[in-house]
Amino acid sequence: MFHRFMQSLYSSVSAAAPLWYLLGLPPAVPALRATAAPGSTGFVGSETCRTCHPNIWLTFPRNPHFKSIAAGNLPPKKVGCEGCHGPGQAHVEAHGGKATIQAFSTMTPRQVIDRCLACHSQDVSRANIRRSVHTLADVACTSCHSIHKSPAPKFLLAKQQERDVCYGCHAPVRAQFSSPFKHRVNEGFMKCTDCHNPHGTPAPNWRMGSRPRMVSQAMETEEACLKCHSDKRGPFVYEHASVRADGCETCHNPHGSTNAKLLRRPVVFTLCLECHNGRGTFGRQGNGIPMQSPSHNMTDPSYQNCTTCHVRIHGSNADPTFLR
Ligand code: HEC
Ligand code: HEC
Ligand code: HEC
Ligand code: HEC
Ligand code: HEC
Ligand code: HEC
Ligand code: HEC
Ligand code: HEC
Ligand code: HEC
Ligand code: HEC
């Protein structure tokens with residue numbers, strides 16, 4: 001049964017077993033047209049471009065966009081060079097020139113984005129690209145991706161290392177990742193995209209805090225941190241509202257910090273007392289955050305390191321005050 005299926009598959013692909021396949025070679029470029037067919041809309045086929053742009057042509061078979069040529073069954077406006085640069089007939093007849101073809105060097109960021117999204121708007125990872133902070137700041141696809149000269153092994157990135165793409169515009173972030181306590185991005189153990197989606201993220205929700213910063217989401221609605229720190233996910237019988245509602249960055253500097261555990265404050269209690277300070281009748285925001293009880297002697301230094309007792313600070317299944 002399976003054998004018959006494979007046979008019919010083969011004969012539908014090609015009459016004989018293809019030689020390149022048997023030899024383990026890449027496929028020869030199928031069905032290239034050197035000139036526009038009569039009545040066509042000005043598409044000439046990618047082979048035509050080779051004569052005058054040999055360098056670009058030479059590397060193109062390694063480009064993921066070569067798949068559109070290899071497929072051999074797509075409409076001309078989706079195939080090869082002309083899939084991005086538009087119909088080439090006028091350009092070829094004029095023997096070149098920027099005005100006769102869709103040249104990215106003459107496009108506005110919006111035009112670049114529109115061009116790429118002609119094919120890439122369906123992907124989930126880019127569903128929010130139109131209203132992403134990058135797009136709103138005119139950071140186009142070609143700021144991070146290089147179609148013809150990518151030195152990266154994956155995703156046609158403009159630099160070999162993803163972080164260097166980002167540091168090109170976000171230099172201060174590099175210093176944050178050189179702090180004494182940090183996520184090891186500069187050392188190559190993590191990437192910016194472990195936490196961010198540079199193509200934009202959905203509007204923030206109740207588990208994201210109020211500052212999305214293009215921080216991507218794990219499990220649809222959770223902050224990306226929980227992909228790796230899954231022990232902080234809960235749900236806990238006793239949630240610490242600040243973890244759940246305000247997000248991890250309420251207490252942690254996500255990139256790096258001079259304080260242990262990436263904490264925002266050098267001494268733990270200053271962090272806690274930002275909320276548990278009893279200002280107003282019910283805490284700073286009038287939202288009923290309890291003060292520590294009178295048993296806490298704040299002049300006694302042993303009380304200042306709150307998490308020596310409140311060890312389950314991210315939530316507990318056993319104790320409403322997170323003592324165990
Ligand atoms: C996926 C879209 C895409 C495809 C497919 C594509 N290009 Fe490009 N091309 C670009 C972009 C974007 C630029 C601008 C420079 C850059 O970002 O790499 C560019 C730049 C160019 C340039 C001028 C810049 C330079 O490096 O000299 C030429 C010439 C060119 N492409 C020819 C071709 C040819 C020939 C093919 C087919 C073999 C092709 N392109 C396929 C997107 C594409
Ligand atoms: C007869 C030679 C010739 C052929 C064939 C040819 N080009 Fe060009 N092309 C040129 C020349 C010359 C330039 C340089 C124009 C300039 O820099 O002012 C050019 C420029 C370009 C540019 C603009 C680069 C930029 O600066 O942004 C693109 C894109 C391009 N060609 C794509 C193509 C594609 C796609 C094909 C095949 C459909 C093709 N060319 C076929 C000669 C040719
Ligand atoms: C601010 C930088 C940046 C911009 C702008 C950007 N990208 Fe990306 N893109 C990346 C990075 C980084 C990755 C690698 C993601 C990873 O490693 O998971 C990527 C991955 C991709 C991928 C492959 C993986 C996937 O998510 O499907 C595609 C396709 C892609 N980008 C297309 C685009 C298009 C199209 C645009 C413009 C409409 C664009 N990108 C704009 C940085 C960017
Ligand atoms: C004509 C359709 C088309 C256009 C236009 C197009 N792409 Fe693509 N792109 C594809 C296809 C098809 C793939 C291969 C997807 C796959 O691997 O299954 C791809 C793959 C990619 C990848 C993923 C590379 C990888 O290693 O997985 C990136 C990044 C990308 N495109 C960026 C761009 C950018 C940037 C532009 C605009 C300059 C663009 N594309 C324009 C069709 C297109
Ligand atoms: C461990 C997860 C994580 C990693 C890895 C990460 N980020 Fe962030 N980043 C965040 C979070 C969370 C915020 C939001 C912080 C806030 O709102 O206080 C943020 C905020 C930002 C901001 C906006 C705020 C600011 O400080 O300017 C930029 C820009 C940024 N990140 C860039 C990067 C770059 C570039 C990389 C890679 C070199 C990177 N991030 C890696 C989690 C991460
Ligand atoms: C071409 C320049 C450029 C590149 C490359 C770039 N960014 Fe940005 N990024 C910006 C600009 C401009 C903003 C708008 C906010 C600002 O002024 O800082 C921004 C904002 C951000 C923000 C903050 C979003 C917010 O809500 O405030 C994050 C996070 C971010 N970028 C991450 C990245 C990551 C991750 C990469 C690499 C994959 C990257 N950026 C590459 C220019 C760039
Ligand atoms: C890709 C996995 C990953 C993601 C996503 C991630 N982390 Fe981490 N995190 C780690 C690893 C691994 C370490 C151990 C430190 C190292 O790399 O040496 C760590 C360390 C930490 C530490 C310090 C722990 C200690 O004992 O010193 C804190 C706090 C932390 N992460 C918080 C966060 C927050 C907050 C986020 C989201 C903004 C986040 N992490 C996202 C992998 C991740
Ligand atoms: C209310 C403040 C607060 C919030 C919000 C918070 N943390 Fe923490 N976190 C702390 C404190 C304080 C410590 C240090 C505990 C200690 O010293 O024993 C810590 C320690 C950690 C550690 C290292 C020690 C351990 O328990 O593994 C990680 C990892 C961590 N937090 C991740 C997260 C993540 C992920 C989030 C978001 C889901 C988050 N934190 C939200 C206060 C907070
Ligand atoms: C961003 C504000 C914020 C920060 C910072 C914060 N908390 Fe909380 N905490 C809350 C809120 C809100 C509640 C829930 C109050 C309620 O349920 O009525 C809470 C509840 C608690 C409770 C349980 C109180 C009870 O009676 O149920 C303890 C114990 C606690 N926090 C300790 C700490 C400690 C220790 C720190 C520092 C590591 C800390 N909190 C940091 C906002 C915060
Ligand atoms: C020596 C251990 C210890 C230390 C250190 C400690 N606590 Fe407590 N905390 C407790 C115990 C035990 C309880 C529950 C009994 C009680 O209310 O006295 C508690 C209860 C609380 C409550 C709930 C009060 C209520 O009325 O529901 C809050 C809020 C709190 N602690 C915050 C803090 C903060 C903030 C710090 C750091 C400044 C801190 N704790 C340091 C032992 C400690």
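Student: Let's start with one residue: is aspartate 138 buried or exposed?
Tutor: Counting around aspartate 138 gives 12 C-beta neighbours inside 10 Å. The scale goes like this: 20 or more other C-beta atoms within 10 Å of a residue's own is buried, 12 or fewer is exposed, anything in between is partly exposed, and the C-beta atoms are placed from the backbone. With its 12 neighbours, aspartate 138 therefore counts as exposed.

Student: What kind of model is this?
Tutor: On labels, residues are numbered from 1 along each chain as its sequence is written, while chains are lettered from A and ligands numbered from 1 in the order in which they are written. Local features need pLDDT of at least 70, side-chain atom pairs count only at pLDDT 80 or more, totals for chains, interfaces and linings use all residues, and the model is predicted.

Student: What is the mean pLDDT of the protein?
Tutor: pLDDT is the predictor's confidence in each residue, on a scale from 0 to 100. Here 80% of the residues reach 70 or more, and the mean is 82.

Student: Where does the pLDDT stay under 50, or fall below 50?
Tutor: Residues 1–39 stay under 50, and the model has 24 contacts for them beyond four places in sequence. A contact means that the C-beta atoms of two residues, placed from the backbone, lie within 7 Å. There is another such stretch, with 11 contacts beyond near neighbours in sequence, at residues 280–285.

Student: How many helices and strands are in the protein?
Tutor: Both are DSSP runs numbered from the N terminus: helices are H or I with at least four residues, strands are E with at least two. By that rule the protein has 14 helices and four strands.

Student: What share of the residues is buried?
Tutor: The protein has 324 residues. Of those, the buried ones make up 16%.

Student: Back to aspartate 138: what is its phi?
Tutor: Aspartate 138 sits in the loop between helix 9 and helix 10. Its phi is positive although it is not a glycine, at about 60°.

Student: Which residues come nearest to ligand 6?
Tutor: A residue is near a molecule or strand if its C-beta atom, placed from the backbone, lies within 6 Å of it. There are 17 residues around ligand 6, and the nearest are Ala137, Ser143, Cys166, Cys169 and Cys192.

Student: Which helix gives the most to the shell around ligand 6?
Tutor: Helix 9 (133–136), helix 10 (141–144) and helix 11 (162–167) each give two or more residues. With three residues, the top contributor is helix 11.

Student: How many residues of the shell around ligand 4 are charged?
Tutor: Ala, Val, Leu, Ile, Met, Phe, Trp, Tyr, Cys and Pro count as nonpolar, Asp, Glu, Lys and Arg as charged, and the others, Gly among them, as polar. The shell around ligand 4 splits into nine nonpolar, six polar and, for the charged class, four.

Student: From which domains does the shell around ligand 4 draw at least three residues each?
Tutor: Helix 8 supplies the largest share of this shell, five residues. Domain bounds come from an automatic or database domain assignment. The domains are domain 1 (43–106) and domain 2 (113–160).

Student: What is cysteine 141 in contact with, leaving aside neighbours within four places in sequence?
Tutor: Cysteine 141 is also among the residues that come nearest to ligand 4. Its contacts are Val112, Ile113 and Cys116.

Student: How far is the C-alpha atom of serine 150 from that of glutamine 160?
Tutor: Serine 150 lies in the loop between helix 10 and helix 11 and is partly exposed, because it has 18 C-beta neighbours inside 10 Å. Away from its sequence neighbours within four places, it contacts Leu156, Leu157 and Ala158. Glutamine 160 is 10 residues along the chain from serine 150, and their C-alpha atoms are separated by 7.5 Å.

Student: Which peptide bond is cis, with omega near 0°?
Tutor: Look at the loop between strand 3 (222–223) and helix 13 (241–246), where proline 235 is found. The cis bond runs from glycine 234 to proline 235.
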